[in-house]
2 protein chains.
Amino acid sequence: MVDYSPAMMTDMYEYTMLDATLQDGTAQRKCVFEVFTRHLPEGRRYGVVAGTGRLLEALRDFHPTDEDLKFLADRKIVSPQTIKWLENYSFSGTMRGYREGDVFFPNSPILQVEGTFAECTLLETLILSIFNYDSAVASAASRMASAAKGRPCMDMGGRRTNEWSAVAASRAAMIGGFKGTANLLAAQLYDLPAIGTAAHCFTLVHDSERDAFESQIQALGRNTTLLVDTYSIEDAVKTAVEVAGPELGGVRIDSGDLAQLAQRVRSQLDALGAGNTKITVTNDLDEYAIASLQTAPVDSYGVGTQLVTGSGAPTCAMVYKLTEREGVSGAMEPVAKKSKDKATVPGRKLAYRSFEGDLADCEHVVAGPEEALNSFGAPENWRNLLTTFVNHGEINDQFTGHQAIMDAQQFHAKTLSELPITAQSLMRGDPVIPTETTVLK
Amino acid sequence: MVDYSPAMMTDMYEYTMLDATLQDGTAQRKCVFEVFTRHLPEGRRYGVVAGTGRLLEALRDFHPTDEDLKFLADRKIVSPQTIKWLENYSFSGTMRGYREGDVFFPNSPILQVEGTFAECTLLETLILSIFNYDSAVASAASRMASAAKGRPCMDMGGRRTNEWSAVAASRAAMIGGFKGTANLLAAQLYDLPAIGTAAHCFTLVHDSERDAFESQIQALGRNTTLLVDTYSIEDAVKTAVEVAGPELGGVRIDSGDLAQLAQRVRSQLDALGAGNTKITVTNDLDEYAIASLQTAPVDSYGVGTQLVTGSGAPTCAMVYKLTEREGVSGAMEPVAKKSKDKATVPGRKLAYRSFEGDLADCEHVVAGPEEALNSFGAPENWRNLLTTFVNHGEINDQFTGHQAIMDAQQFHAKTLSELPITAQSLMRGDPVIPTETTVLK
């Protein structure tokens with residue numbers, strides 16, 4: 001068992017900055033931090049927001065334990081006064097942002113965190129870890145699910161990434177449009193559909209393939225999916241139907257030329273009277289491989305490595321930047337660093353997507369002083385993209401747990417249908433809609 | 001708080017295969033499973049084994065909880081008899097393999113798991129998750145540490161990957177030769193050196209850069225590292241030395257042309273009398289960027305994204321294959337699937353590295369029937385690569401915890417020094433030594 005709190009999922013400098021600002025008084029300044037990325041992975045048309053629900057769940061538990069405080073004190077990372085302050089830490093600020101399942105583009109403010117410098121700065125690493133990984137997986141999943149054109153995609157990638165990433169990946173894959181996961185911990189924690197077939201070792205531990213198939217049918221029923229490529233696929237399919245009868249649920253092919261093999265296996269199954277037996281394929285699939293199988297008689301896809309590693313983009317380059325803070329006068333002041341290649345637009349942002357008919361045509365990011373933002377009137381065809389997840393420390397439970405995942409999956413499908421169809425092109429290109437940034441005076 | 005056991009970090013089919021084999025009797029057959037990869041990431045000369053210590057720590061806790069058993073029963077994933085069996089589950093087998101920090105090549109049997117089919121099959125996903133991620137990070141870390149030629153590399157990548165991957169990455173980076181981590185949970189769990197500077201938001205929350213520097217010096221002392229690229233680097237370095245004096249510990253540059261900037265900052269620091277003030281650079285570094293900074297006056301590197309995503313290879317393609325099992329007669333029989341593109345060599349393996357003088361010249365994998373293996377005599381210049389980590393259920397604690405990481409770091413440095421120098425070339429090429437597989441009769 002691991003007994004931990006997310007409060008240590010933090011880079012050390014967040015605690016040392018807390019310590020310094022508590023001593024100099026700036027810790028209490030009101031701040032706005034924003035999460036965004038400067039660019040999509042090369043050639044991608046859109047990204048998919050995922051992680052918000054996990055962040056809210058982690059936020060609930062973000063209280064240093066006694067053991068954590070002892071560690072911070074023993075290592076002299078913070079002063080005794082800061083330890084006292086941390087004993088009562090609880091995030092009392094506000095978070096709003098893009099809904100899970102929404103799409104994002106360069107500079108989309110997918111999360112805004114408002115609170116004191118002290119309470120916001122401690123969350124930097126945790127927030128970025130969650131959004132960077134979860135959104136990378138959801139973005140890849142969405143492309144795969146699109147390429148599958150309605151055939152279900154299943155997550156089988158847990159073994160190709162860290163064991164906890166596996167859980168986050170299952171959840172993010174669902175948001176991107178996947179229909180189930182092989183990962184039991186994800187199924188358990190988030191009440192997701194669990195799926196599975198059998199491994200080659202199962203066939204090999206038996207004295208014959210027939211013994212293995214009989215055993216699996218006996219334990220799991222005729223509706224199970226048998227793995228048919230341990231030895232000869234043709235022999236295996238024959239044996240499978242002999243053992244299970246034409247009611248056999250499915251067969252899985254995990255090697256070779258999947259398009260050709262699926263065609264042959266389909267013909268063989270049909271000839272054996274097993275016209276309803278499904279074919280599932282696995283074997284290093286990505287969105288391109290899935291697209292190439294469009295005309296093959298495949299019923300579902302099991303995706304591993306490329307899903308959990310974001311199909312070439314295992315992280316999203318999300319950053320967490322201070323964009324506005326209280327000044328000496330008590331008024332909020334836009335701020336930004338001026339580093340040459342990493343300049344940011346100062347000030348809190350509003351975010352909208354404008355529509356021409358049913359289709360989105362532009363993402364709008366509006367920055368400026370608070371008064372200007374508060375009195376900003378968006379045109380009628382601009383949809384507000386920001387939703388409040390945490391209101392002065394109150395977490396809205398609607399955005400956590402199982403239902404939030406299913407809502408996000410549905411929201412993503414709807415959002416994707418509102419983008420120009422080139423969004424679903426697998427060819428490299430620019431973001432499918434441009435982002436316009438307006439700075440109000 | 002999360003209350004969980006690693007027993008659910010499992011693909012569903014492992015439990016359904018367990019269920020079927022418990023019913024048909026093959027669950028009790030003795031088996032040997034092996035972990036290996038069929039290929040290194042494209043162009044890589046070697047891989048670095050990492051994850052063994054984490055696996056042993058997880059194995060200690062691999063017992064389904066009451067909640068887990070209820071989940072398995074409620075979802076009808078296994079039968080009531082299997083639930084009974086699981087109540088007493090504890091791995092009672094043997095694990096041996098390559099030491100953490102050792103290098104591996106295609107087909108190196110980095111872990112062998114011996115036990116009944118039932119107890120071994122449940123571990124598949126957890127074992128692969130750990131080795132695939134941890135070894136990917138350690139392999140990248142080793143290349144970066146080599147490219148840094150003695151200058152310390154520090155892990156600052158937690159925010160670019162899942163929050164638990166971050167912890168595993170810190171640990172794996174140390175094995176690959178890194179000297180510290182920004183991640184507090186890793187520092188806490190594994191007693192690792194924690195490092196950190198400050199973020200741009202720290203400068204921005206203050207009314208001036210000078211205020212920020214004064215605050216940091218006040219809280220952390222003159223030996224701290226100040227971030228100097230929020231506004232003008234030249235002004236910042238001047239202010240830094242004015243505030244801290246020539247005893248200033250270090251400055252960090254996080255943007256721009258690092259080679260050029262490091263040169264300018266070094267000259268400026270020297271001119272200000274701060275000849276001992278160190279320069280640390282960060283900003284999307286990878287092994288190539290680090291190599292290109294060889295002649296720049298840089299004292300240490302902070303590495304993020306490319307470390308935790310394996311520098312282009314975020315997973316290792318490790319697989320877990322049944323290679324030998326008890327037959328009807330009770331004797332062990334080599335087994336292997338025959339899938340066209342994924343064929344494996346049947347039988348348990350021995351593994352050696354042969355030396356010509358002080359340098360390794362070949363990896364040797366020896367397979368065959370048990371009697372042949374047991375009587376195999378390796379030549380004198382062949383070093384045995386297999387170490388026992390778990391002996392009939394007894395976990396050897398020497399391979400867990402903090403000390404195991406430091407031992408692995410040292411072992412890796414030694415191992416790397418025994419490879420031909422081309423191992424450290426960043427140019428794409430073949431594995432630095434070939435692997436020869438011998439099948440005994």
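Author: A definition is needed before the angles can be read: angles under 35 degrees count as roughly parallel, over 145 as roughly antiparallel, 65 to 115 as roughly perpendicular and the rest as oblique. The model is a predicted one, and what follows should be read with that in mind.

In chain A, helix H10 (residues 209-220) and helix H11 (residues 233-244) pack with their axes 10 Å apart, at an angle of about 40°. H10(A) and H11(A) are therefore oblique to each other, and H10(A) passes H11(A) in a right-handed crossing. On the side of H10(A), the contact is made by A:Glu209, A:Arg210, A:Phe213, A:Glu214 and A:Ile217, while H11(A) brings A:Ala236, A:Thr239, A:Ala240, A:Glu242, A:Val243 and A:Ala244. Sorted by class, this contact of H10(A) with H11(A) has 6 nonpolar, 1 polar and 4 charged residues.

To place this pair in its chain, the domain assignment of chain A gives domain 1 as 6-137 + 313-439 and domain 2 as 197-271. Between domain 1 and domain 2 of chain A, the C-alpha centres lie 48 Å apart. In the model, residues 8-132 of chain A are 42% helix and 18% strand, with end C-alpha atoms 18 Å apart; residues 153-339 of chain A are 40% helix and 17% strand, with end C-alpha atoms 43 Å apart.

Helix H6 (residues 124-147) of chain B and helix H7 (residues 163-176) of chain B cross at roughly 45°, and their axes come within 7 Å. That angle makes H6(B) oblique to H7(B), and the crossing of H6(B) and H7(B) is right-handed. From H6(B), the residues B:Tyr133, B:Asp134, B:Val137, B:Ala138, B:Ala141, B:Ser142 and B:Ala145 meet B:Ser165, B:Ala168, B:Ala169, B:Arg171, B:Ala172, B:Ala173 and B:Gly176 in H7(B). The contact of H6(B) with H7(B) divides into 9 nonpolar, 3 polar and 2 charged residues.

The other pair in chain B is helix H3 (residues 66-74) with helix H4 (residues 80-87), whose axes are 10 Å apart and which pack at an angle of about 165°. H3(B) and H4(B) are therefore roughly antiparallel to each other, and H3(B) passes H4(B) in a right-handed crossing. Here B:Leu69, B:Leu72 and B:Ala73 of H3(B) make the contact with B:Ile83, B:Leu86 and B:Glu87 of H4(B). By class, the contact of H3(B) with H4(B) has 5 nonpolar residues, no polar residues and 1 charged residue.

Technical notes. Residues numbered from 1 in each chain as written. Chains lettered and ligands numbered in written order. Predicted model: local features only at pLDDT ≥ 70, side-chain atom pairs only at ≥ 80, totals over all residues. Heavy atoms only, no water. Axes fitted to C-alpha atoms, helices over the stretch in contact; angles between N-to-C directions. Helix = DSSP H or I, 4+ residues; strand = E, 2+ residues; numbered from the N terminus. Left-handed = near helix turned anticlockwise from the far one by under 90°. Contact = heavy atoms within 4.5 Å. Nonpolar A, V, L, I, M, F, W, Y, C, P; charged D, E, K, R; others polar. Domains from an automatic or database assignment.
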